[in-house]
Amino acid sequence: MATLRGKALFAWLLVCLFWGSTYFAIKVGVEVLPPFLFAGLRFVVAGALLLVGALAFGDRLPRRAADWRTAAIAGVLLLAGGNAFVVWAEQYTASGVASVFVVTVALWIAFFDSIIPGGSGALGWRVIVGLGVGFLGTALLVGASPREILQADLRGPIALTSASAFWSLGSIYAKRHPTEASPYITAAIQMLAGGTVVSLAGTALGEWQSWHLDGRGALAMGYLVVFGSIVGYSAYSYALRYAPATIVGTYAYVNPVIAVLLGWLFLDEAITGRMMVAIGLTLAAVFWIQFSHKALPAYGRPSAETQSTADGRAPTTSLVRPTEAA
């Protein structure tokens, strides 16, 4: 099937909506909950629910120790190194701005795949141009001049850049270490491993002292668990099963638009001309690299656009969000 139709189209729309709105939910939650416990417990709960559901529908736990290890390492890179920093950064950064930074994961993947042994092995001019344009766009989000950038609060941008780099490394690791487990079991193990590490980090930092789960925090947590993690990931896997990954991966262009609009409508986040130029440059760079023959597919997509497992299920991919910010 060369296009999105029917149920596959509906699943893609769900991915766009729910993963685009996770930045808004994270912003709401991090205003009342400590960031690492908020991020970690969200994935522990979501991972446990997804694991129970997958087992109930007939999936099996991995039989090889290597599959457990691969899923756990990928989960730590993706969620402890990736998503947790997004949550932390939204204490200092608008949700719409955060979503644009996260889109640069596609650029980081292209870069790391070119320089890490075992990948494409060549940092071609297409990738270099895309990286340059993309990072120019994110620099504009911080300031219009070097002086403004140096005087700006860099905690959010640095954390978001680190999150994108970690998510990219986790995606490449998972891509180069395929498992025999179903995508749902793999995602559940990733969530449990990454969520546990982040929860332990929050505990070590003394965040339980400021943990007070009021109604606002509970709504944010529940939304991210149900719609951000479980429904969003299931819809993404369904769309991948019935439509080309290149088309499904275009959700990455929709998410920032939804995040920026929600931040503007409900959080009074400003939409400036500089922000729109930055978004345009960043998305143009991602589009350039995504559809370049020498670049990897956009992050969160499987390594081969027509890849499928022998039993007809969706391909085993690394957990996506984060554009989910997960």
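Ring pairs join Trp-108, Phe-111, Phe-112 and Phe-135 into a cluster. Rings of Phe, Tyr and Trp (its six-membered ring) are taken to pair if their centres lie within 6.5 Å; planes under 30 degrees apart count as stacked, over 60 as edge-to-face and the rest as tilted. By this rule, the count is 15 aromatic pairs.

Before I continue, a word on the source. This is a predicted model, in which local features need pLDDT of at least 70, side-chain atom pairs count only at pLDDT 80 or more, and totals for chains, interfaces and linings use all residues. Residues are numbered from 1 along each chain as its sequence is written, and side-chain values use heavy atoms, with hydrogens and water left out.

The term pLDDT denotes the predictor's confidence in each residue, from 0 to 100. For the protein, the mean pLDDT is 82, and 83% of the residues reach 70 or more. Over residues 293–323, however, the pLDDT is below 50, although this stretch has 95 contacts in the model beyond near neighbours in sequence. A contact here means heavy atoms within 4.5 Å. Where pLDDT is low, the predicted coordinates should not be read in detail.

Let me turn to the secondary structure. The protein has 13 helices and 0 strands; helices (H or I, at least four residues) and strands (E, at least two) are DSSP runs, numbered from the N terminus.

How much of the protein is buried? Buried residues account for 54% of its 326 residues, where buried means under 20% relative accessible area, exposed over 50%, and partly exposed in between (1.4 Å probe, protein chains only).

I return now to the aromatic rings. Tyr-184 and Tyr-233 form an edge-to-face pair, with 6.1 Å from centre to centre and 90° between the planes. Tyr-184 belongs to helix H9 (residues 183–204) and Tyr-233 to helix H10 (residues 215–242), so their pair ties together parts that are 49 residues apart in sequence. Both Tyr-184 and Tyr-233 are buried.

Helix H9 also holds Ser-199. Is Ser-199 buried or exposed? Ser-199 is buried, and its relative accessible area is 10%. Apart from neighbours within four places in sequence, Ser-199 is in contact with Phe-36, Leu-37, Gly-40, Leu-41 and Val-44.
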